[in-house]
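Me: I am new to this structure. Please show me how to read its features.

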Amino acid sequence: MRVLIYSDVHANWQALEAMAAAVEGRCEVSLCLGDVVGYGANPNQASDWVRAHSPVVIRGNHDRACALLDGIQWFNPVAATAARWTHANLTPENAAWLQALSAGPLPFHDFSLVHGSPLDEDEYLIEPAQAAGAFAATTAALHWFGHTHLQGGFTLADDQVSAWTTVPPDAALSARHESVALPLRPDARYLLNPGSVGQPRDGDWRAAFAILDEQAGQVEFHRVPYDVATAQARILEAGLPPRLAERLAKGK
Ligand code: ZN
């Protein structure tokens with residue numbers, strides 16, 4: 001089966017539309033690792049699309065905060081402002097759906113899905129030592145996680161954990177749809193992050209997602225351009241903090 005895995009849409013409808021167009025007819029199922037809402041200006045459109053297309057959705061910290069105002073005290077002022085705005089603008093149906101999402105980890109086929117880390121839904125997996133702890137405490141050969149908005153992940157092979165990213169430093173970024181393939185080694189274990197659809201922070205502004213080809217034993221990491229100017233205009237029109245619009249152009 002070809003499986004679309006995506007995360008951190010953050011109510012960015014223009015980015016979500018670009019991903020949907022790019023994967024049209026290419027995957028049998030799609031899975032979402034959370035943070036459907038928060039930051040962006042289209043929480044209901046984003047929620048409606050994810051509800052209609054993804055049979056498995058993990059909750060993110062922003063989904064929890066926007067639906068229930070839970071955990072908002074840990075947010076920076078910009079994120080807290082966006083969570084309050086989203087809370088006030090969600091339809092009752094979408095708020096109820098977000099509240100009912102699973103904390104994860106959830107199994108799907110022979111891999112595992114989480115928002116932050118297999119050990120803590122709110123942990124940011126950044127360092128190889130953190131990944132080593134998660135590998136040691138679990139058995140799945142492949143975990144998918146989100147939350148950091150960084151496309152890439154960690155490989156455990158020959159008793160060594162290595163971190164890697166699909167965005168090389170100082171790379172000249174293209175504005176076209178591009179993908180990188182990762183053949184999965186049968187003797188290795190993986191923690192993989194599809195990156196963020198709606199608010200990338202790895203220096204590449206394009207919407208990020210991944211496709212797992214189970215038969216081929218391979219993952220494709222994709223980046224697609226989207227209409228950043230319209231997403232920014234919607235954020236400003238909604239009265240959300242301008243910083244949330246500015247950062248989309250930089251992917252930071
Ligand atoms: Zn997020």
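Me: Which helices each supply at least two residues of the lining of the largest cavity?

Reply: First, the ground rules. This is a predicted model, where local features need pLDDT of at least 70, side-chain atom pairs count only at pLDDT 80 or more, and totals for chains, interfaces and linings use all residues. Residues are numbered from 1 along each chain as its sequence is written, and side-chain values use heavy atoms, leaving out hydrogens and water. A helix is a DSSP run (H or I, at least four residues), numbered from the N terminus. A cavity is a set of points on a 1 Å grid over the protein atoms alone where a 1.4 Å probe fits but cannot get out; lining residues have an atom within 4 Å of a point. Here the helices are α1, α7 (228-237) and α8 (242-250). α7 gives the most, with three residues.

Me: Which residues are closest to the centre of the largest cavity?

Reply: The largest cavity has a volume of about 70 Å³. Of its 16 lining residues, the closest to the centre are His 10, Asn 12, Gly 40, Ile 235 and Leu 248.

Me: What are the protein donors of the zinc ion?

Reply: Donors are N, O and S atoms within 2.8 Å of the metal (3.2 Å for Na, K and Ca); water is not among the atoms, so sites may look incomplete. Here they are Asp 8 (OD), His 10 (NE2), Asp 35 (OD) and His 149 (NE2), at 2.0 to 2.3 Å. Their sequence spacing is D-x1-H-x24-D-x113-H.

Me: Is Asp 8 buried or exposed?

Reply: Buried means under 20% relative accessible area, exposed over 50%, partly exposed in between (1.4 Å probe, protein chains only). Asp 8 is buried, at 0%. Asp 35 is buried too, at 1%.

Technical notes:
On a 1 Å grid over the protein atoms alone, a cavity is a set of points where a 1.4 Å probe fits but cannot get out, and a pocket is an open set with protein on both sides within 12 Å along at least five of seven lines; lining residues have an atom within 4 Å of a point. Grid points are joined across faces, edges and corners, and a volume is the space filled by probe spheres set on the points.
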